[in-house]
Amino acid sequence: MPAPIRLRELIRTIRTARTQAEEREMIQKECAAIRSSFREEDNTYRCRNVAKLLYMHMLGYPAHFGQLECLKLIASQKFTDKRIGYLGAMLLLDERQDVHLLMTNCIKNDLNHSTQYVQGLALCTLGCMGSSEMCRDLAGEVEKLLKTSNSYLRKKAALCAVHVIRKVPELMEMFLPATKNLLSEKNHGVLHTSVVLLTEMCERSPDMLAHFRKLVPQLVRILKNLIMSGYSPEHDVSGISDPFLQVRILRLLRILGKSDDDSSEAMNDILAQVATNTETSKNVGNAILYETVLTIMDIKSESGLRVLAINILGRFLLNNDKNIRYVALTSLLKTVQTDHNAVQRHRSTIVDCLKDLDVSIKRRAMELSFALVNGNNIRGMMKELLYFLDSCDPEFKADCASGVFLAAEKYGTDSLTSLHVTAVLSCVLAGSYVRDDSVPNLIQLITNSVEMHAYTVQRLYKALLDDISQQPLVQVASWCIGEYGDLLVSGQCEEEEPIQDEVLDVLEGLLVSNLSTPVTRGYALTAIMKLSTRFSSVNRIKKVVSIYGSSIDVELQQRAVEYNALFKKYDHMRANPNPNIAVITIHASNSTEAEMTDFVFQAAVPKTFQLQLLSPSSNVVPALNQGTVTQVIRVLNPQKQQLRMRIKLTYTHKGSPVQDLAEVNNFPPQSWQ
Amino acid sequence: MSLTTHFPLCFLFSLFQMQFMLLFSRQGKLRLQKWYVPLSDKEKKKITRELVQTVLARKPKMCSFLEWRDLKIVYKRYASLYFCCAIEDQDNELITLEIIHRYVELLDKYFGSVCELDIIFNFEKAYFILDEFLLGGEAQETSKKNVLKAIEQADLLQEVRHRMKSK
């Protein structure tokens, strides 16, 4: 039987394959050869065969038939065999495999081997993928090695212990004694891994955390030595001594200093020192600064130190390196709640990051921008954010629109109305989440922004042509079309405007669509009715309205019946509508759990007006928005003054009488001009 | 927006951990995979496939970090190879870049001006070096010299033809 081909030769051969099929054929052929070699229990070439199998596994081919062979290699006396065997185990034998546990004994033996490199292999494998059972069985061995004076083994044992603790947290206690003098080590490898181990223990147990707080002075000393010591060729990275160890110490200090005044005070000076003295020209220095900032922000640091930290982040934002800008934004996002004013100072730089090419940076800048919006900067910020919303990628639109809308709601003022209407429209058109109960607010906002009516109704109409599934959008759009339909068809819009019948088609479509909720249908019907005074196709509208007079939806039916009544009884007003008379229909609804009975609506107007209240549809307003009371008011306004009204509602709710007074001053100008 | 996925619970155990490291070529061919969390072969393949696709789609001007599922991905391209690490939310991305760089330096010193072919033909050595530098996803040795010395000694042991005896 010829010797199995060498690993490198196999790799060379496989790479000559020109197609996937050719490669698969080569692999299958070699696997067959390897299988028969395994069956023959060939000790000499087992290592070579497993190595080849690992190569093929990396290419994506199954290699499970080599699992037991890895175990045999681990049990071999040859170092070469063990090296490949353990590698194979780490690649093929994770804890989900049944044979995994069979490794335990081998690892145990190798942990006690006379050669440290064999011990190292065992520690590495255990620390990388040991299962909970294995960790339980071997924790004692690891603990022993944690106390050895051999730093090569000690550092590995420390990380192995970290893995054991992650898998079996109850075993943490047993490693406590061995941690006693870990930090007295001079060897950086041991120091680094010890700090990692201590960090893991402190994170998992408040008792451990309290116990290890006494190490703060020692940690501070070690860190200080690293910074102050001269050039150390062994640990130097671009002029900084062992940045990995520095970062880990800073992280442990963070955990120890959190919620503890004394510890925080003890580390204050060293943090200030690192923050001011670390070289920032390369990534390595910035990595340390970054960790320092995170620590300063998390512990109980004095305000001067906090400001120092935020300023570091501010400088990061201006760094040419986009990685640095990215971490700055991430960190600022974390601190914006607690140090709001300090972060505000960097607002313009943050807003500039909205224009960054990188998606991750843009997202963070957006989140941070929203966090920074307040009453003072709303105008400027809104402009930037709307621009961003308009030009950003689809994946951002929903979140951005949501944020814009919330900002407008929270900080909007009357003087910013048109800006807000744009904001609101953008949100609604972005199809983003807009709460159902904010529809009246949106309508209010739009009403107040007179100069935007034409633009608004045009955009909303266009949106309806594309999509009628988003109910808030549809409701607002319907209302606008009903109210400003004349602007929609009159040529006031820049683009090609629809004709009346097209508009009515759209509204009727809403009535019949099963995407429309009953509330939406109500909006649509009312809008159609309102267009009877704006459009000329009155007969068509009359027909639609009369059809819905027998709708099974009670709400629609009621509206339709009343609108029908308007057609019948008040049609004479339509032919020669008295321009001095405004007809107002009120709809009263009740979202509470109990109905309102004896409902009476009263209104009073200024002296120059005359008011006529027609009979209400009912004086009971059903609970839970299950119906409305409608009432028609006719207002005579010969002097064409701005309509103002004082209204009074009285009703009985849950047995008690209720009275509500209000003033209504925002009637649309068309109602009195 | 991140996709919700059902990740095994092990992913949630610690705050600072490197979960895995992948090396792949510009054509998406895997050259090294080191997993520090237990996952089935199927899951590993799925993650690898998706992540490779995501990273290869990144433009040169973009930063080295991206959010992917619940993890942070730190990647850097050296010549024709992408080095890609998955770290957890609380981890320091910038120092992870230094970890990657240190590994590249070690490979470079060992192979003498390393290139992708070295990693392809000596993949087991690449793993050995990684395993002397990181253990369980954490750096076990911060001195370049010490890592290379250990590898050198271990390589010498391989040359020893006679059997070793255990204690």
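Residues are numbered from 1 along each chain as its sequence is written, while chains are lettered from A and ligands numbered from 1 in the order in which they are written. As the model is predicted, local features need pLDDT of at least 70, side-chain atom pairs count only at pLDDT 80 or more, and totals for chains, interfaces and linings use all residues; side-chain values use heavy atoms, with hydrogens and water left out.

Q: In what order do the elements of chain B run from the N terminus on?
A: Helices (H or I, at least four residues) and strands (E, at least two) are DSSP runs, numbered from the N terminus. Chain B has five helices and seven strands. From the N terminus on, the order is β-β-α-β-β-β-α-α-α-β-β-α.

Q: What area do chain B and chain A bury between them?
A: Contact means heavy atoms within 4.5 Å, and here it takes 73 residues from chain B and 80 residues from chain A. Buried area is the accessible area (1.4 Å probe) that two parts lose on being put together, summed over both. With 56% of it on carbon and sulfur atoms, the area is about 6900 Å².

Q: Which residue of chain B meets Arg248(A) in a salt bridge?
A: A salt bridge is a side-chain nitrogen of Lys or Arg within 4 Å of a carboxyl oxygen of Asp or Glu. Between chain B and chain A the count is eleven. In one of them, at 2.7 Å from N to O, the partner of Arg248(A) is Glu138(B).

Q: Which element gives the most to the side of chain B that touches chain A?
A: Elements that give two or more residues to this side include strand 2 (30-35), helix 2 (93-111) and helix 5 (144-159) of chain B. The most, ten residues, comes from helix 5 of chain B.

Q: Which residue in strand 6 of chain A stands opposite Ser589(A)?
A: Two strands pair if DSSP finds at least two bridges between them. Strand 3 (residues 581-589) of chain A pairs with strand 6 (residues 628-636) of chain A in the antiparallel sense, over nine bridges. Ser589(A) belongs to the uncovered face of strand 3, and opposite this residue stands Thr628(A).

Terms used
Buried means under 20% relative accessible area, exposed over 50%, partly exposed in between (1.4 Å probe, protein chains only).
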